[in-house]
Amino acid sequence: MIPEMLVIVAVTAGLGLLVALAGLGAMRLLRERSIGVMLAVVAVVTVVATVGGVVAITLEMIIEGTPRDIVLSVVAVGGLVGLGVAAVLARRVVAASRRLVAAVRAVPPSGEFAPPRGLPAELDTIARTLEQAYERIRLGHERERALESARRELVAWVSHDLRTPLAGMRAMAEALEDGVAGDPETVARYHRRIRLEVDRLSDMVGDLFELSRIHAGALRLSRSPVGLGDLVADALAGAEPLARAKSVRLAGEAGEVVPVVADAGELSRALRNLVVNAIRHTPADGTVLVRAAVEGEVACLSVADCCGGIPEEDLPRVFDVAFRGEAARTPGADGTGAGLGLAIAQGIVEAHEGTIGVVNAGAGCRFEIRLPLPA
């Protein structure tokens with residue numbers, strides 16, 4: 001009995017090894033063909049190994065007559081059924097893969113990928129992954145187009161803002177050079193105006209440099225504990241001359257003294273930009289209120305003005321680069337810049353993992369900076 005079992009095992013193992021080697025060779029040669037062909041090779045190898053082993057053992061055992069015919073018939077039918085099922089499966093997998101490829105090729109320029117339904121689990125996973133990838137690509141293209149449009153608009157606006165003071169400075173310089181403005185009062189007035197325009201251009205260049213650092217991700221923060229009250233005091237002190245010149249009252253309120261971990265210089269600049277913006281849009285005898293408070297796990301800095309409110313359609317655009325809320329690009333009497341202050345404030349706040357927003361409130365609007373408190 002034992003020798004017969006050894007013979008059976010040896011024969012089936014030998015045939016199985018030969019068929020397996022032949023199958024691996026065929027799969028290597030067909031590795032760049034359709035997955036359906038690969039599945040067909042696997043099915044053929046399995047069926048041939050099984051049928052060959054059974055046939056070899058049947059002949060080895062010298063089964064004759066009806067029993068041998070029955071065994072061989074059952075094995076043949078089983079092999080044909082296995083090959084048929086494998087062929088159907090291969091066709092379904094190939095059809096599903098072709099549907100997926102067709103869906104990928106049919107993606108419109110907008111990048112909206114619609115995955116086909118009824119795919120096998122693995123192909124469905126690939127389709128869902130492709131859908132997410134196309135969505136990220138689409139959003140990336142939209143952001144790129146928005147940034148490119150903003151860059152073109154910024155270049156156009158800043159070019160105008162630079163030409164205007166430069167043209168005025170050139171005219172005044174030529175008047176002084178030609179002796180057209182000869183009286184001391186006019187000469188002094190021209191000198192003061194030229195100095196003011198130079199200061200304005202310097203501020204504009206500084207804002208452009210800061211904004212470029214923010215957009216390039218090159219803004220490096222030096223974080224340390226900073227008191228909210230100190231931020232409010234610094235912002236009020238820095239904006240006091242402008243407020244006095246415009247006859248605007250400044251007021252500050254600081255509740256519980258709670259420190260935030262932030263870059264004191266950059267965050268002060270963001271808050272100062274909000275205060276300066278509020279002063280410029282508040283009429284004489286108006287009030288700008290700067291508050292610092294803690295709301296749950298968030299530190300809140302707010303700047304409220306008396307500007308009369310912002311049109312609802314303009315609220316989403318307030319922090320856009322070079323947005324001023326008016327079509328005219330001529331600078332105001334106070335030397336209003338290129339409209340970069342709010343965009344810079346937004347970039348600084350977001351670099352601190354915070355949020356900034358604006359709402360209409362009372363006689364004007366209220367800008368709010370929200371920063372997470374240290375754990």
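Reader: Is Phe 367 buried or exposed?

Author: This is a predicted model. Phe 367 counts as buried, because its relative accessibility is 1% and the cut-off for buried is under 20%.

Reader: How many aromatic pairs are there?

Author: The count comes to two. A pair of aromatic rings is described by the distance of the centres and the angle of the planes. Take Phe 113 and Tyr 134: the ring centres are 5.4 Å apart and the planes are at 25°, so the pair is stacked. Phe 113 sits in the loop between helix 3 and helix 4, and Tyr 134 in helix 4, so the pair ties together parts 21 residues apart in sequence. Phe 113 is buried at 8% relative accessibility. Tyr 134, at 22%, is partly exposed.

Reader: At what angle are the ring planes of Phe 319 and Phe 367?

Author: The planes are at 90° and the centres 5.9 Å apart, so this pair is edge-to-face. Phe 319 belongs to the loop between strand 5 and helix 8, while Phe 367 is in strand 7, so the pair ties together parts 48 residues apart in sequence. Phe 319 is buried, with a relative accessible area of 11%.

Technical notes: Residues are numbered from 1 along each chain as its sequence is written. This is a predicted model: local features need pLDDT of at least 70, side-chain atom pairs count only at pLDDT 80 or more; totals for chains, interfaces and linings use all residues. Side-chain values use heavy atoms; hydrogens and water are left out. Rings of Phe, Tyr and Trp (its six-membered ring) pair if their centres lie within 6.5 Å; planes under 30 degrees apart count as stacked, over 60 as edge-to-face and the rest as tilted. Helices (H or I, at least four residues) and strands (E, at least two) are DSSP runs, numbered from the N terminus. Buried means under 20% relative accessible area, exposed over 50%, partly exposed in between (1.4 Å probe, protein chains only).
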